[in-house]
Amino acid sequence: MDAFISADRLRFLIHRLRERLWVRPLVVCLLSVGAAFVAKLADDAGLEDFVPEISLGSIQTLLSIMASSMLVIATFSVSSMVSAYASASSTATPRSFGLVVADDVSQNALSTFVGAFIFSIVALMAAKNAYFEKAGIFVLFSLTAFVFGIVIFTFVRWVDSVARLGRIGSTIDKVEKATADALKLRQKTPHLCGLPVNTLQAQAGQPVYATQFGYVQHIDMSTIQAWAEEADIQVVIAALPGTLATPDRALAYVSKSSNDQSDTDFSCVIESFQIGNDRLFEDDPRFGLVVLSEIAGRALSPAVNDPGTAISVIGAQLRLFILWTNPAKDCEAERPEYDRITVPTISINDMFDDAFTAIARDGAGIVEVAVRLQKTLGSLALIGHSEMRDAALYHGQLALKRAEKSLDIDEDLAIVRDAASYLGSVNNQT
């Protein structure tokens with residue numbers, strides 16, 4: 001089978017490049033160098049008689065001011081971003097670092113400042129060496145004024161954003177948005193465009209193991225499909241994105257129409273699983289729930305003692321689970337795109353474990369957190385989703401037991417029990 005990069009794998013790689021801080025400034029720098037020489041094209045277009053004459057000295061002064069100031073502003077923006085990254089890691093959780101680094105406003109600001117600096121240096125050197133004529137000087141002046149306008153607009157917008165960058169509320173919003181995007185993507189393709197797994201298929205066939213330790217970050221389904229069609233094989237995915245891959249844990253199970261599988265090369269399947277040291281938000285909706293739970297856990301630690309942040313996280317978790325229960329408008333078609341691959345769905349029980357276990361444990365002795373958690377679980381139990389109802393009842397009962405062990409004041413415990421009254425009513429209905 002010829003090697004190729006599938007569209008899904010290309011999307012994954014592009015998203016990883018977007019998270020790199022150097023990519024966008026590099027692109028803008030290349031565009032800036034090109035823009036500085038675009039003015040020369042006007043000299044060959046016969047525009048000398050139609051454009052006003054601009055003093056070369058005035059343009060050199062503008063470019064000198066820009067060159068001297070943009071490098072200072074770029075340095076200042078980098079120091080502010082580094083402070084924001086450190087704040088996000090220390091006040092929220094280190095797992096949110098990637099989202100803060102990928103902030104579009106900050107990356108655009110840094111790219112604009114560095115790009116303006118490169119533009120001014122290149123254009124100034126060209127102007128001092130008499131590279132431009134009358135029309136080129138006018139176009140260069142117009143480009144310089146345009147770059148000035150972009151810099152001012154970007155700086156004002158960036159100052160408004162950097163005041164919130166790395167703050168706990170902003171970090172929670174970024175994590176919630178990333179998790180919501182991952183949930184929406186998984187809603188559209190609950191089986192990653194493959195077939196649903198039944199109980200008999202779950203561990204049927206020859207197991208395929210990982211060759212390295214790490215987390216499954218992405219599965220290249222189209223590559224597995226092409227290989228399976230060529231080899232006349234059915235593949236059952238056993239490790240969804242977010243699973244810890246080890247040499248003793250199967251990534252997938254492969255079954256062939258003939259019983260003889262001794263000559264089958266499984267390297268294509270293994271290579272289709274992108275494995276890295278860290279979990280990623282995009283293809284792993286559960287990771288966002290874990291990160292939100294970590295933020296709440298840090299806020300509930302005795303050193304921080306910030307139950308308000310934990311309550312905000314519980315609200316974000318509620319919104320995400322409500323989003324998960326709303327069916328996507330454009331779910332995967334009745335005929336799956338990858339009919340050689342079967343894929344399990346995400347377990348709601350696992351999602352509840354990720355979202356609420358740590359909060360219920362760390363917030364059991366804080367009455368306002370315990371009450372908000374019970375109200376949230378009660379809302380999810382009554383939402384009309386049977387699997388979610390069972391998970392909410394289990395975690396509601398577990399959270400109540402923890403609160404009964406941790407709360408010493410009878411009045412506080414009575415408030416929590418009143419908030420957990422849904423446990424009895426829902427059980428009676430079922």
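Predicted model: local features only at pLDDT ≥ 70, side-chain atom pairs only at ≥ 80, totals over all residues.

User: What makes the contact between Arg361 and Asp362 a salt bridge?

Analyst: The closest N and O atoms of Arg361 and Asp362 are 2.9 Å apart, and because a salt bridge needs a side-chain nitrogen of Lys or Arg within 4 Å of a carboxyl oxygen of Asp or Glu, the pair qualifies.

User: Which residue does Arg286 meet in a salt bridge at 2.5 Å, N to O?

Analyst: The side chain of Arg286 meets that of Asp354 at this distance, and the pair links distant parts of the chain, with Arg286 in helix H10 and Asp354 in helix H12, 68 residues apart.

User: Is Asp354 buried or exposed, and how do you know?

Analyst: Asp354 has 14% relative accessibility, and because buried means under 20%, Asp354 counts as buried.

User: Why is Trp22 called exposed?

Analyst: Trp22, which lies in the loop between helix H1 and helix H2, has 52% relative accessibility, and because exposed means over 50%, Trp22 counts as exposed.

User: How do you know that the span of helix H3 agrees with its number of residues?

Analyst: At 1.5 Å a residue, the 36 residues of helix H3 should span 52 Å, and because its end C-alpha atoms are 52 Å apart, the two values agree.

Technical notes
Residues numbered from 1 in each chain as written. Heavy atoms only, no water. Helix = DSSP H or I, 4+ residues; strand = E, 2+ residues; numbered from the N terminus. Buried < 20%, exposed > 50% of the residue type's maximum accessible area, 1.4 Å probe, protein only. Expected span 1.5 Å × (residues − 1).
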